Amino acid sequence: MSLLPILRFPDPRLRKVAARVDKIDDGIRRLARDMAETMYEAPGIGLAATQVDVHARVIVVDASETRDQLLTLINPEILQQDGLQVCEEGCLSVPGVYDKVERAEHVVVRYQDLDGAEQTVDATGLLAVCLQHEIDHLQGRVFVEHLSQLKQLRIRNKLAKQARITA
Ligand code: K2U
Ligand code: ZN
């Protein structure tokens, strides 16, 4: 198992749209395993393949308190979304930035599991937020894009300053 490097906003590779996974093989299973290890170590409650510069439709999530309810979703699709909730979000690709984002309160997501079987997950609350956040990543969207242009400019300037200091 390996820890994978996570791309940092505003890296343009975070804007790539991930491709469908046509064959769930050992390579995909290894990627999912490494993504889960990377997520738990970060620590985070979700991670999309886009964030580790693999542009395939794979996400891992574990929003449980006990950190032992890992979900690996291949080719996830939101079939239904309703209600509204506002959640303070962060992102492993945008360290140190947190802000409120409005998302659907309830989602039903269809996906394939690591055996290729079709599954659905019916989620509310934090799990619903996490699934939407990760599926956004597969579409090349980072959560800061839900914020105002002024906030996005301030975030870019803050991260650019941090990069200069740590360079
Ligand atoms: O995609 C990512 O960068 C992982 C995020 C997912 C996430 C962000 C906000 C709300 C729900 C999910 C990370 O897990 S950010 C770290 C974190 C940890 C616990 C709770 C919320 C955010
Ligand atoms: Zn994120």
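User: Where is D53 found?

Analyst: Happy to start there! This is a predicted model, where local features need pLDDT of at least 70, side-chain atom pairs count only at pLDDT 80 or more, and totals for chains, interfaces and linings use all residues. Residues are numbered from 1 along each chain as its sequence is written, chains are lettered from A and ligands numbered from 1 in the order in which they are written, and side-chain values use heavy atoms, leaving out hydrogens and water. Helices (H or I, at least four residues) and strands (E, at least two) are DSSP runs numbered from the N terminus, and D53 is found in the loop between β1 and β2.

User: Is D53 buried, partly exposed or exposed?

Analyst: Buried means under 20% relative accessible area, exposed over 50%, and partly exposed in between, using a 1.4 Å probe and protein chains only. D53 has 30% relative accessibility, so D53 counts as partly exposed.

User: What is the phi of R67, and where does R67 lie?

Analyst: R67 lies in the loop between β2 and β3. R67 is not a glycine, yet its phi is positive, at about 55°.

User: What is the strand order of the open sheet of five strands?

Analyst: Strands of a sheet pair through backbone hydrogen bonds, either parallel or antiparallel. Here two strands pair if DSSP finds at least two bridges between them. The pairing in this sheet is antiparallel, and the order is β1-β2-β3-β6-β7.

User: Which strands stand at the edges of that sheet?

Analyst: An edge strand here has a single partner strand, so one of its sides is left without a neighbour in the sheet. The two strands in that position are β1 (46-48) and β7.

User: Which strands does helix α1 touch?

Analyst: Helix α1 covers residues 26-41 and packs on the sheet. Its direction makes about 40° with that of β2; axes are lines fitted to C-alpha atoms, for helices over the stretch in contact, and angles run from 0 to 180 degrees between N-to-C directions. Contact means heavy atoms within 4.5 Å, and the strands touched by α1 are β1, β2 and β3 (71-82).

User: Which residues is L131 in contact with, leaving aside its neighbours within four places in sequence?

Analyst: L131 is one of the residues with the most contacts inside the core. Beyond those sequence neighbours, L131 is in contact with I59, V61, L73, V107, V109, V121 and A123.

User: How many residues apart are C91 and H133?

Analyst: C91 is buried at 9% relative accessibility, and H133 is buried at 8%. C91 sits in the loop between β4 (85-89) and β5 (99-103), while H133 is in helix α2. The pair links distant parts of the chain, and the separation is 42 residues.

Methods. A nonpolar core is a set of buried Ala, Val, Leu, Ile, Met, Phe, Trp, Tyr and Cys residues joined through side-chain atoms within 4.5 Å.
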